[in-house]
Amino acid sequence: MDFGEKLTELRKAAGYSQQEVARLISLHLAPITNRAVSKWETGATYPDAMQFIWLCEIYGVADVASAFLGISGNDPLAGLNREGVRMLREYAELLRLSPKYAEAAEVKELPKRIVPLYDLPVSAGTGVFLDSDSFEPYESEDIPPEANFAVRISGDSMEPLLNDGQVVFVQSVNTLEHGEIGVFVYNGDAYCKKLDREGGLKLISLNPKYSPINIKYAYDLRVVGKVILQEN
């Protein structure tokens, strides 16, 4: 059986017309007509590599060598019509979802990144938060891609969300929206607080025992970055 005859056999076994095959391929690649499918099946022309890949997908061909070269293989879809292929694939997906039968995922070592880690107590009072040399390199595979630097929290003013000594990652931005948590410099001091724009500009602590910091002049407040909150 030649290549074109095999394509015809597979199409009929899958229950498709030439028009349906042309429509399905056109959903993913450059549009074709049923005449192109007909030429493939008569041997007048051949599908290109991507068209052939999609033909195999449409016809449910898992073992190309077995289907087209007659080389013995272990194709579980061989001999099944379109409904049989669909049912077998659905059952295979159910097996993959089961922890009993799913193949254990390969544990890959995540690439590590290094960002500057600033200590808020050290930075406080300098007025030049990111412009100082008071940082250490911090290397981790957990650093979010959008983070530009990290800070170590000092004190309990942002508990229970952020704890004393905790390292948090920060994205460098110049402005924050109401309710967002960020790192700020105000009157020469560095803070990690929540921004409140209602009823005047304020820096809010999450720990209720600390009073808000009322910002008298907006131009005295410098937004250093946005704290990237990560799920535990």
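Predicted model: local features only at pLDDT ≥ 70, side-chain atom pairs only at ≥ 80, totals over all residues.
Residues are numbered from 1 along each chain as its sequence is written, and side-chain values use heavy atoms, with hydrogens and water left out.

Where is K194? You'll find K194 in strand 6. Strands here are DSSP runs of E with at least two residues, helices are DSSP runs of H or I with at least four, and both are numbered from the N terminus. Leaving aside neighbours within four places in sequence, K194 is in contact with M158, G179, E180, I181, K202, L203, I204 and L206; contact means heavy atoms within 4.5 Å. E177 is 17 residues away from K194 along the chain, and their C-alpha atoms are separated by 9.7 Å.

Now zoom out. The protein has seven helices and nine strands. Of its 232 residues, 34% are buried. Among the contacts with a separation of 6 or more, 54% are between residues 24 or more positions apart.

The nine strands form an open sheet, in the order 2-1-3-4-9-5-6-7-8, with mixed pairing. Its edge strands are strand 2 (135–140) and strand 8 (213–214), each of which pairs on one side only. What does pairing mean here? Two strands pair if DSSP finds at least two bridges between them.

Let's walk through part of the sheet. Strand 3 and strand 4 pair in the antiparallel sense over four bridges, and R152 has V167 in strand 4 as its bridge partner. Strand 4 also pairs with strand 9 (residues 221–228), again antiparallel and over four bridges. There, Q171 stands opposite K226 in strand 9.

Further along, strand 5 (residues 181–186) and strand 6 (residues 189–196) are antiparallel and share six bridges. L195 has L203 in strand 7 as its bridge partner. This hairpin has five residues between the strands, and here G199 takes the positive phi, near 65 degrees. As you follow a strand, remember a general rule: in a regular strand the side chains alternate between the two faces of the sheet.

Over at strand 2, have a look at S140. Is S140 buried or exposed? With 12% relative accessibility, S140 counts as buried. Its side chain reaches the backbone nitrogen of D142 at 3.0 Å. Not counting residues up to four places away in sequence, S140 touches K112 and R113.

There's a spot to check in the loop between strand 3 (149–152) and strand 4 (167–172), where P160 sits. The peptide bond joining E159 and P160 is cis, with omega about 10 degrees.

On to the helices. Helix 1 (residues 3–14) and helix 4 (residues 49–59) have axes that come within 9 Å and cross at roughly 35 degrees. These axes are lines fitted to C-alpha atoms over the stretch in contact, and the angles run from 0 to 180 degrees between N-to-C directions. Which residues meet? From helix 1 come F3, L7, L10, R11 and A14, and from helix 4 come F52, L55, I58 and Y59. They divide into eight nonpolar, no polar and one charged.

Last, the cysteines. C56 is buried, because its relative accessible area is 6%. C192 has a relative accessibility of 6%, so it counts as buried. How many disulfides does a search of the whole structure find? The search finds zero, a disulfide being a pair of cysteine sulfur atoms within 2.5 Å.

Terms used: Buried < 20%, exposed > 50% of the residue type's maximum accessible area, 1.4 Å probe, protein only. Polar contact = N/O pair within 3.5 Å; in protein donor to acceptor, adjacent residues only side chain to side chain. Nonpolar A, V, L, I, M, F, W, Y, C, P; charged D, E, K, R; others polar.
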